[in-house]
Each structure stands twice: as C-alpha cells, then as structure tokens.
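Have a look at the chain below.

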Amino acid sequence: MDAFTEPNIRRIAVKSAAQVGKSEVLLNVVGRYAMLDPANIMIIQPTLADAEDFSKARLSRMIADTRVLTPLFYEKLKTRDANQTILSKFYKGGRIILVGANSPTGLASRPIRILLCDEVDRYPPALSEGDPVDLAEKRTSNFFSAKIGLFSTPTVKDASRIDVEYLLGTQEEWRHRCPNCGEWHVLSYQDMICDSSTRLDEAGRRAVIVKQVKWRCPDCGFDFDEQIMRRAPQKYFALNPDALQNGVRSFYINGFVSPWLNWRGIMREWLEAQGDPAREAVVMNTRFGISYEQRGEYSDESVFMNRREDYTLPAEVLLITAGVDVQANRLEYLIAGWGVDFECWCLERGLVRGSPTDAATWQALDLILDKTIGNKKIARTFVDSGYSTAFVYEYCKNRRDRYAIKGMGGYGRPLIYKYTYPDAGIILTILGVDDGKNEIYNRLSVTEGAGRIHFPLTFDETFFKQLTAERRIIRKSGGMLMPSWEPVAKGARNEALDCLIYSLAAAKSLMGNADPQAFWKSFTQPAQIKRTSKPRQRTVDIW
C-alpha cells in the first residue's frame, strides 16, 4: 500500500501466488483513493465478464460493508442509484470504471489518474489498437500524480507479462529471518522437507499423505516448522533498488506466507502433481508464484550418451511394446519394455528399408515384431498411418497385435485421445502427441525410479539427436497462452521421439481404465481394444 502513496513512484507491479491477499490490496487502494484522494480510477480485468464478476462479488460488497465508504457512493444509503452500475460507480470527487482487456472501446478516451490492472498474464494478445495495458496507460498521461498498478499470478516462463514488469522494478522479495543463524530467506518449496507417503488410487492417480513439513535454512541447515516460521521476523528485501530512480517498485510473495493456506496442503498439491505438466504448472503459478518452465528439454545429446546402461532385458520389464514410424522409403521402429508406473527400458531401435507400398517391407517388419525378446513377446505395436494410410490399414487389419494410429497436435488432448473406425476391420487410435511429448520430455529429467527412461549402450548419437529434436514454445491463441512444439532446427528429424511416444501409447492403451496394481499383476494377459464382432483373418501376406 505504501508504494501507492509515494510521490516519486508511478508504477507498481505485484507478482504473487493466489490466495495471498492480492485482490485485497487492489481493493484497499481503491478505498484509500475514494476516501482520502478522490480520482478517476480504472480497473482492468482479463475479460468483460471478469470485470462484471469482480464488481458484483468484490467491489460492491466492499463499498456496502465499509462504513466510511458507503456514504461516498450512496446518498442516504439508498440501495439503488442511477449513478451506480455494475461497470461504472460514481463517488464524491471521482469515478470507478471497470473494463475488460478484451474491449478496446473500454480502454480508450477516458482520462484516469489511477490505473489498476488485475491478472495481467491472462490478458488477451494485443488488440488491433495495441497492447491493452499500453492503451489504458495513455489515459494517465495528463496527471503528474498518476499511479499504475499491475497485479497477477505468473503463467509460463518467457511469456509472462508480470515477470517482465517485476524485473523492471525493485524486485522486492518477502523474506523470513532464520531463527538459528539470522539470515533472511524467501520460503521456497525447494527448501521444504516433507515427511510423506504415496499411493496410487483406483484410477492410477498419485495420492500423497503429508504428515509433516519443515523449512530447512539454506545457510545453517536447521529445520523449523510452519508455526515457528510464521512467528519469525519478516520483511521485504529489494534486489534491484536502482529501479527507484525510474519510479518503479515491484514485489514478490508466494503461498507459504498466506494466512489462508497451510504448508502441508501446498506440498501435497506439489507432490501429487509431479510428472503431470498441466498440474505442475498450476501449482507453480498459484502456490509458488513462479512462472512455469517445461522441464527436460535438452540441446546436447551427450547428456543421454553418458546415461546409457549395459542391459538386455531387465527383470523389472513386465511388458513390451513397439512404435513404428512410416516414411516414404523406410519404416523406423522402437521396441521398449515397461515396468511398474511405466518405468521404461528402451530395448531396440532400427529401420526397415523399402517402400511402404511394397509387401516385402512389411514382411521384413514382421520378422522383427514377431520375435521373442528374452521370454517375452511384443504385446502391442502402434503403427503411424499418416503416410501410406491405405497400406498401413491393410497391414494392421490382418495382424491381431498391430494397430493403426494417427497423431494429432494441440493443447489439452490426452495421449490416448479417441478411437475412430475409418475402414472395415480397422480401429484407428488418435493420439494427442503434444501430451506424449510433454510426458517424454518430463521423464527425460528423471534419473532414478518410477518414470525414468533407460537407454542401452547400443543407442547412438543419432537416436538422441532425434529424441531431442523438438522444443516446447508458448504462443497466445484466442487470448490464452497455449503450449506447442516446434523443431529445434530446420530439417531436424524426430523419428526417435515419435516412435517412443507410440510405444508409450501402446503400453497405456493396454492398461486402459484398469486398476494399475491389478494390471501389472496380470500383464501376461493384457486387455485388447474391443473390435467389431466380425472375425479377423490372420495372414502373413497383406495382398
């Protein structure tokens, strides 16, 4: 609040977790000016619907419930007043205007002294007239005492507006003093020590029970519980005090200091989200107040060359699947073994030279996929039908454990997206490949235990270059930040990545909605995808 009263400060940015009182600060700023320094105030919400909801649920309630403010807005406490609408509220000496960042007419042609931008990371992309914040900021130019406040939980790294605003300011962190050594620190999730246990529910989701959480001081190594740290001295520390010369202050606060959240609940959310990029992003943004950065993207294949292991068929492998990528002059394949919680051991990778229109090419693939590895057969193979579709259909139609698939990009589609029936005797499995890439790239950062991907000594640099041939980027689409994937370099080949995704999808399709524990116990009799009642003919020749 003090920053809004300092004469030399014009711009204030607040980057925070959710439920730490960010909206209360904004409302207090409105109340302060309405009571002590009347001015025209504009509040920008991400959309017009958000602005209406904020007005009805928060602003109107504050005016009605605050004894000193009510008379400023309503004469004789009337419940209805022609001057008071949902998006415009007059008071003695000023006016409050609420607009949506998606409405260019609401942002222009209104002189304002106090501009408050809420949840700026959710604002739509630049309008035809320009950036929503910049448009509104122009309305403050006539006032030497104008104030601009920007509030938001961050979203995605390198695409977060509040991150940029924070870095331009004083970067003031809320820190606690260690009761033992006296050093001041931000309470970070990375310094939290949890006593917890984990189990899988019937749907295969991770359920975590957190018994105790303590903060470990990075300097002295002593542990302290939540109650001790809440009573410890606390204050802001500026990392960039020189920004005061530009009249810009910025603040950061996370969920560990919220009076409405407890440490056990925050850490339970984080532990349960591990391995799921969408859930991880929510916790990082709303609990830690940190923009989310996708893990596991590598540009140097030597990281994985050094992680290769000497194995043939580890005892932990319970199930084997394969993925096949179809090209104009070859078929590329990857065979992978899977253990509990889909820990992966890559077993074999290679190619079959020849056109997919030639029966001999598919017969050569049969020799590879029909063989026994150790004491196990390949339970299921997913074959990409994006190229030479008719020939892939014909091949899969006559082979019981081989299924045609088609990849579909786009945010929000699960790996096993849906099944379609394009031809008699064919079930085409549509894969959400972006979800598959997210999972693979997150698993590449796991070096021990469940979720890890193991590589044999026989895999070379070419394989790892293809495995890391794409990178995750963030673009705004329809007013929302959307993740997507693009090649790391023009012409980069990604067959290894595709084949591993297909193999993972084949393994997950076998489990379906079964109980994970029961599935792994009965993996020798995997469930088959339900097909038509018409008997299937099995033959080696496909023509």
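Q: With the side chain of which residue does the side chain of histidine 185 make a polar contact?
A: This model is predicted. Histidine 185 sits in strand β8, residues 184–185. Its neighbours, leaving out residues up to four places away in sequence, include Trp174, Trp215 and Asp219. The side-chain polar contact, at 2.7 Å, is with aspartate 219.

Q: Is histidine 185 buried or exposed?
A: A residue counts as buried under 20% relative accessible area. Histidine 185 has 14%, so this residue is buried.

Q: Which residue's side chain is joined to the side chain of glutamate 165 by a polar contact?
A: Glutamate 165 is part of helix α6, which covers residues 161–168. Beyond four places in sequence, glutamate 165 touches Arg11, Ala13, Leu150 and Ser250. The polar contact of 3.0 Å links the glutamate 165 side chain to that of arginine 11.

Q: Why does glutamate 165 count as buried?
A: The cut-off for buried is under 20% relative accessible area. Glutamate 165 counts as buried because its relative accessibility is 5%.

Q: How far apart in space are tyrosine 74 and tyrosine 91, C-alpha to C-alpha?
A: Tyrosine 74 lies in the loop between α3 (70–73) and β3 (88–91). Its relative accessibility is 17%, so tyrosine 74 counts as buried. In sequence, tyrosine 74 and tyrosine 91 are 17 residues apart. In space, the C-alpha to C-alpha distance is 7.8 Å.

Q: Which residue caps the N-terminal end of α8?
A: Helix α8 runs over residues 263–273, and its buried residues include Trp263, Ile266 and Trp270. At the N-terminal end, a side-chain oxygen lies 3.2 Å from the backbone nitrogen of arginine 264. That oxygen belongs to asparagine 262.

Q: How many residues are in the second, separate core?
A: Among the members of this second core are Phe4, Ile9, Ala51 and Tyr91. The second core is separate, and has 29 residues.

Q: Which residues does leucine 467 touch, not counting residues up to four places away in sequence?
A: Leucine 467 is one of the residues that touch the most other members of the largest core. Its contacts beyond four places in sequence are Ile440, Tyr441, Leu444, Phe455, Ala496, Leu497 and Leu500.

Q: How many residues in the lining of the largest cavity are polar?
A: The whole structure has 1 cavity of 30 Å³ or more. The largest cavity has a volume of about 30 Å³. Its lining is Trp174, Val186, Leu187, Tyr252, Ile253, Asn254 and Val257. Of these residues, 6 are nonpolar, no residue is charged, and the polar count is 1.

Q: What percentage of the contacts with a separation of 6 or more is between residues 24 or more positions apart?
A: The chain has 16 helices and 25 strands. Of its 543 residues, 50% are buried. Among contacts with a separation of 6 or more, the share between residues 24 or more positions apart is 69%.

Note on methods: Residues numbered from 1 in each chain as written. Predicted model: local features only at pLDDT ≥ 70, side-chain atom pairs only at ≥ 80, totals over all residues. Heavy atoms only, no water. 1 Å grid on protein atoms, 1.4 Å probe; cavity = no way out; pocket = protein on both sides within 12 Å on 5 of 7 lines; lining within 4 Å. Points joined across faces, edges and corners; volume = space filled by probe spheres on them. Nonpolar A, V, L, I, M, F, W, Y, C, P; charged D, E, K, R; others polar. Core = buried A, V, L, I, M, F, W, Y, C linked by side-chain atoms within 4.5 Å. Buried < 20%, exposed > 50% of the residue type's maximum accessible area, 1.4 Å probe, protein only. Contact = heavy atoms within 4.5 Å. Helix = DSSP H or I, 4+ residues; strand = E, 2+ residues; numbered from the N terminus. Polar contact = N/O pair within 3.5 Å; in protein donor to acceptor, adjacent residues only side chain to side chain.
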